[in-house]
Amino acid sequence: MEQRTGALYRWYVVVLLLLVFVLSYFDRYILSLLVEPIKKAMDLSDFQVGLLMGPAFSTFNVLVTIPLGLLADRTSRKWLLVAGIVIWCMMTTMSGFAMSFLPLLFFRFGLGLGEAVVSPCSVSMISDYFNRRERARAISLYMAGPYLGAGLAFLLGGYLVSALHDSGPMHLFGLGSFEPWQLAFFLVGIPGLLFALLMLTVREPARTERLAPQQGPQASALRYMLQRWRGFGVVTLGATCNFAMSTLTLWNVPLFQRVYGWNVAEIGAVTGLFYFTAGPIGTALALWASNALGKGKEDSAMRVLILGLFITVPASALYPIMPSAQWAVVAMFIAFIGKSAATAGGPAALQMITPGEMRSRSVAIFNTVITLVGPLLGPPLIGAATDWMGTPKAIGVALSGFVVIIGLPTLLFVCLGLKHYRALAADMAETLRDEAPRAGARVAPTCISSM
C-alpha cells in the first residue's frame, strides 16, 4: 500500500473523509436550530417535531445501514459515498421547500438514507489505505467528525440562523419569497454537493487483509462476529456504553435550566463550544494513547476505548449533581473529552479483528447495535426516573444514577473482557501472517456471499 500511495495522499483521503463526516452531522443537526420557526410555519406539535429530529432520521438510517454495508463490501465504496453525499445534500436542500409535516418527514428519511453509507464506507477505505500499525491513528482522526460536525452545527449554524432571521425573507432567482428557516436549509445543503466532486479525487483502495476462501467466512459477517462473540462483544459493549453516555447531552437544556437557572442561549453556546474543543482534544488523546498504551500491541485501540470510558463515566456521573454551574461545566468538559477518545477507539478496535472482505458490514452491524441500544437506554429511562421522583429538579440525580448503573458494570466487563479481545486480535494477526505469501497476488475481491 505504501508503494502505491504516498503518505501525504493517504492522509489527504482521511481529511477529506473527515470533512464529509463533519458535513453529515452539520446537515443532521441543523433542524434542531430551526424548531420554532418550522413549528410556526407548519403548525406542528412538539411530538411531530420530535419525530422529525429522532425516529425520522435514525430509524430509517439504522434499517438501511446493514444492507448498504453489504453493498459496500461488494462494490465501489467511493461511488457509494458520492451517491450518499448527493442524496443527503439534496434532501437537506429540498427540506427548504417543504411546507407541511409529511414532505419534511420524507426528506428526513432521505437524509438518513444518504448518511447511512458514510461510516461503513469511510472506515473500510481508511483501513485499506493504512497498515495495522498506522490504522488506529488514521481512524481516530476520522472519528473526530461527530464532535466537529455537532460543534459547527451549534456554533456556526446558530450564527447563520440568527443572521438569516435578522435579514428576513428573501427572493431567490424568480422562485418566490423564502423565509429565513428555508434559506438555512438551502445554504447548508447546496454547498455540500462540492464534496461529492472532491470525492472524485479519491482512488478506490484494494481490499487488504482478506482471509483465504477456506478460512474466510462464506456465510455472513454477523455469523462470523457471533462465533467470536467474546472479542466482538467487548468492543460493542464499550462503544454502546459510550453512546449511551452521549445521550446525556440531550438533557443539558432542562438540567441547566431547572438546576442552575441558565437560559437556552447560554446552554447552547457552551454545548456547541464543548463539541468543537473537547472533541478534538479527546481525539488527540486517542491518537497519543494508541501509541503510548499499545506500543505496537494488537489491542492498542481497545485500550483507547477503555481509557475513554474511565474518563467519561465518572465525569458524566458527577457533572449533573455538582453544587454550582461552574463546576458542572468543568466536569462536563472532561466527560466530553472521554467520550471523544472512546468514540475514536471503538471503530479502530473493531477493524483490528475484522477480515478485510467484511469491514463495511462489520461497521454497519456495530453502528446498528450502538444506535439502537444507546438511545433506547438513555432518554426514556432518564425521563421516567425524573417523573418517578416527583420533581423536575431531580433530573440531575436521575442523570447521575443512570451513569452509575450503566457505566460501572460496563467498566468492569470491558476490563475483564480485554483478554478475549486481545486473543482475537492476535489470532487475526497470526492468520494474516500465514496468508501473506499467498495474498500478494490477490487484489480483486472474490465473490462474497450475502449476509
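**Asking why: buried residues, salt bridges and helices**

Me: Why is Arg77 called buried?
Reply: Its relative accessible area is 0%. The label buried needs a value under 20%, so Arg77 counts as buried. Keep in mind that this is a predicted model.

Me: And what makes Glu204 partly exposed?
Reply: Glu204 comes out at 30% relative accessibility.

Me: Which residues are joined with Arg77 into one network?
Reply: Asp128 and Glu204 are joined with Arg77, through salt bridges that share partners.

Me: How many salt bridges does a search of the whole structure find?
Reply: Four. Opposite charges on side chains can pair up when the charged atoms get close.

Me: What makes Glu134 and Arg10 one of those pairs?
Reply: Their side chains come to 3.3 Å, N to O, and the limit is 4 Å. This pair links distant parts of the chain: Glu134 belongs to helix H8 (residues 132–142) and Arg10 to helix H1 (residues 7–29), 124 residues apart.

Me: Are those two buried or exposed?
Reply: Glu134 has a relative accessible area of 13% and Arg10 has 4%. Buried means under 20%, so Glu134 is buried, and so is Arg10.

Me: What about Arg28 and Glu115: how far apart are the closest N and O atoms?
Reply: They are 2.9 Å apart, and Arg28 forms a salt bridge with Glu115. Arg28 is in helix H1 and Glu115 in helix H6 (residues 101–115), so parts 87 residues apart in sequence are tied together.

Me: Why is Arg28 called partly exposed, and what is the label for Glu115?
Reply: Arg28 has 21% relative accessibility. Buried would need under 20%, so Arg28 counts as partly exposed. Glu115, at 4%, is buried.

Me: Why is Phe413 called exposed?
Reply: The value for Phe413 is 51%, and the cut-off is over 50%, so Phe413 counts as exposed. You'll find Phe413 in helix H20 (residues 395–439). Setting aside neighbours within four places in sequence, Phe413 is in contact with Val234 and Leu237. The C-alpha atoms of Phe413 and Gly238 are separated by 8.6 Å, although the two residues are 175 apart along the chain.

Me: How do you know that the span of helix H13 agrees with what it should be?
Reply: H13 has 18 residues (229–246), which at 1.5 Å a residue should span 26 Å; the end C-alpha atoms are 25 Å apart, so the values agree. Buried residues in H13 include Phe232, Val235, Ala239 and Asn242.

Me: What does that test say about helix H5?
Reply: For H5 (residues 77–95), 19 residues should span 27 Å, and the end C-alpha atoms are 27 Å apart, which agrees. At the start of H5, a side-chain oxygen of Ser76 comes within 3.5 Å of the backbone nitrogen of Lys78.

Me: Why does Ser127 count as buried?
Reply: Ser127 has 0% relative accessibility and the limit is under 20%, so buried it is. Ser127 sits in helix H7 (residues 118–129). A polar atom of the Ser127 side chain is 2.9 Å from the backbone oxygen of Val123. Leaving out residues up to four places away in sequence, Ser127 touches several others, among them Arg135, Thr208 and Gln351.

Me: What share of the chain do buried residues make up?
Reply: They make up 55% of its 451 residues. The chain has 20 helices and two strands.

Key. Residues numbered from 1 in each chain as written. Predicted model: local features only at pLDDT ≥ 70, side-chain atom pairs only at ≥ 80, totals over all residues. Heavy atoms only, no water. Helix = DSSP H or I, 4+ residues; strand = E, 2+ residues; numbered from the N terminus. Expected span 1.5 Å × (residues − 1). Buried < 20%, exposed > 50% of the residue type's maximum accessible area, 1.4 Å probe, protein only. Polar contact = N/O pair within 3.5 Å; in protein donor to acceptor, adjacent residues only side chain to side chain. Contact = heavy atoms within 4.5 Å.
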